[in-house]
Amino acid sequence: MAVLKLNIIGKDIDLTDALKSIINEKFGKLEKYIGSAKEEVFADVIVSKEKYRASVEIVIYNIFDHTIRIKKETDDLYTSIDEAVDAAEKQLRRLKNKVQNKRHHREGIKEFSLIEEETTEKPIRIVEVEPELYKPITVEDAAVKLLSSNREFVVFCNAKTKKAAVLYKRKNGNLGLIEIPPCT
């Protein structure tokens, strides 16, 4: 089980032992979210006070290969600590669920791929082309035939050149024409 190691830093404030123990106690409830982390988790807690504002900034490093940064600022130091811990808890909960869902999803894919490997391949069927496609037609007629069907290409005999040709749909929306020279 990973442990959250805190580095408490004070800016313009004296960090008393009582304040440090309160911070350690509050952040102790975050350890349940990092329990499944593989590596040590370090966190910087930066406490600062300026006139009437108190801020707490938390930076949690190396938590599920992520870094979390939270900053809360209120007029009371203890309220800032509470709000920062609550926000950190919320983000850690989301991150832990996200990581667990990815692991679960990955495991599901592995099971699916095993099932897929066990299935036998279907033999390839050769389907003969209808004889009417061998009648010579113009490129324009082949284009009409291609656009009026769900096919990606049409093989036909070009009426002008008397050569076999392929008319196909291109990714940019245009049509491509390939004329096949006679075999020798």
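**Strands, helix and cores**

Reader: In β3, which residue is the bridge partner of S48?

Author: This is a predicted model, and the pairing described here is read from its coordinates. Nine bridges join β2 to β3, and these two strands run antiparallel. Within that pairing, the partner of S48 in β3 is S55.

Reader: Which residue in β4 stands opposite I58?

Author: The strands β3 and β4 run antiparallel and are joined by eight bridges. They form a hairpin with two residues between them, and F64 in the turn has a positive phi of about 50°. Across this pairing, the residue that stands opposite I58 is I70.

Reader: What is the order of the strands in the open sheet of four strands?

Author: The edge strands of this sheet are β1 and β4, since each pairs on one side only. From one strand to the next, the twist averages 15°. The pairing is mixed, and the order is β1-β2-β3-β4.

Reader: At about what angle to β1 does α1 run?

Author: The helix has 12 residues, which at 1.5 Å a residue should span 16 Å, and its end C-alpha atoms are 16 Å apart, in agreement with that expectation. α1 lies across β1, β2 and β3. Its direction relative to β1 corresponds to an angle of about 140°.

Reader: Which exposed residues does α1 carry on the face turned away from its buried side?

Author: The buried residues of α1 are L19, I23 and F27. They cover an arc of only 65° around the axis, which means that they lie on the same side of α1. The face turned away from that buried side carries the exposed residues D17 and E25.

Reader: Which element gives the largest share of the largest nonpolar core?

Author: This core has 29 residues, of which L4, I23, F27, I58, I60, I63 and L92 touch the most other members. The elements that give two or more residues to the core are β1, α1, α2, β2, β3, β4 and α3. The largest share is nine residues, and the element that gives them is α3.

Reader: Leaving aside neighbours within four places in sequence, with which residues is L4 in contact?

Author: L4 is one of the residues that touch the most other members of the largest nonpolar core, and a contact here requires heavy atoms within 4.5 Å. With neighbours within four places in sequence left aside, the residues in contact with L4 are F27, L30, E31, I34, V41, F42, A43 and I60.

Reader: Is K49 buried, partly exposed or exposed, and what is its relative accessible area?

Author: K49 lies in strand β2. Leaving aside neighbours within four places in sequence, K49 is in contact with K11, D12, I13, A54 and D75. Because buried means under 20% relative accessible area and exposed means over 50%, K49 counts as partly exposed, with a value of 31%.

Reader: How far apart in space are K49 and T74, C-alpha to C-alpha?

Author: In sequence, K49 and T74 are 25 residues apart. Taken from C-alpha to C-alpha, their distance in space is 9.9 Å.

Reader: In the hairpin of β7 and β8, which residue takes a positive phi near 100°?

Author: β7 and β8 pair in the antiparallel sense over six bridges, and Y168 stands opposite G176 in β8. The hairpin has five residues between the strands, and the residue with the positive phi near 100° is G173.

Terms used. Residues are numbered from 1 along each chain as its sequence is written. This is a predicted model: local features need pLDDT of at least 70, side-chain atom pairs count only at pLDDT 80 or more; totals for chains, interfaces and linings use all residues. Side-chain values use heavy atoms; hydrogens and water are left out. A nonpolar core is a set of buried Ala, Val, Leu, Ile, Met, Phe, Trp, Tyr and Cys residues joined through side-chain atoms within 4.5 Å. Buried means under 20% relative accessible area, exposed over 50%, partly exposed in between (1.4 Å probe, protein chains only). Two strands pair if DSSP finds at least two bridges between them. The expected span of a helix is 1.5 Å times one less than its number of residues. The arc is that of the directions from the helix axis to the C-beta atoms. Axes are lines fitted to C-alpha atoms, for helices over the stretch in contact, and angles run from 0 to 180 degrees between N-to-C directions.
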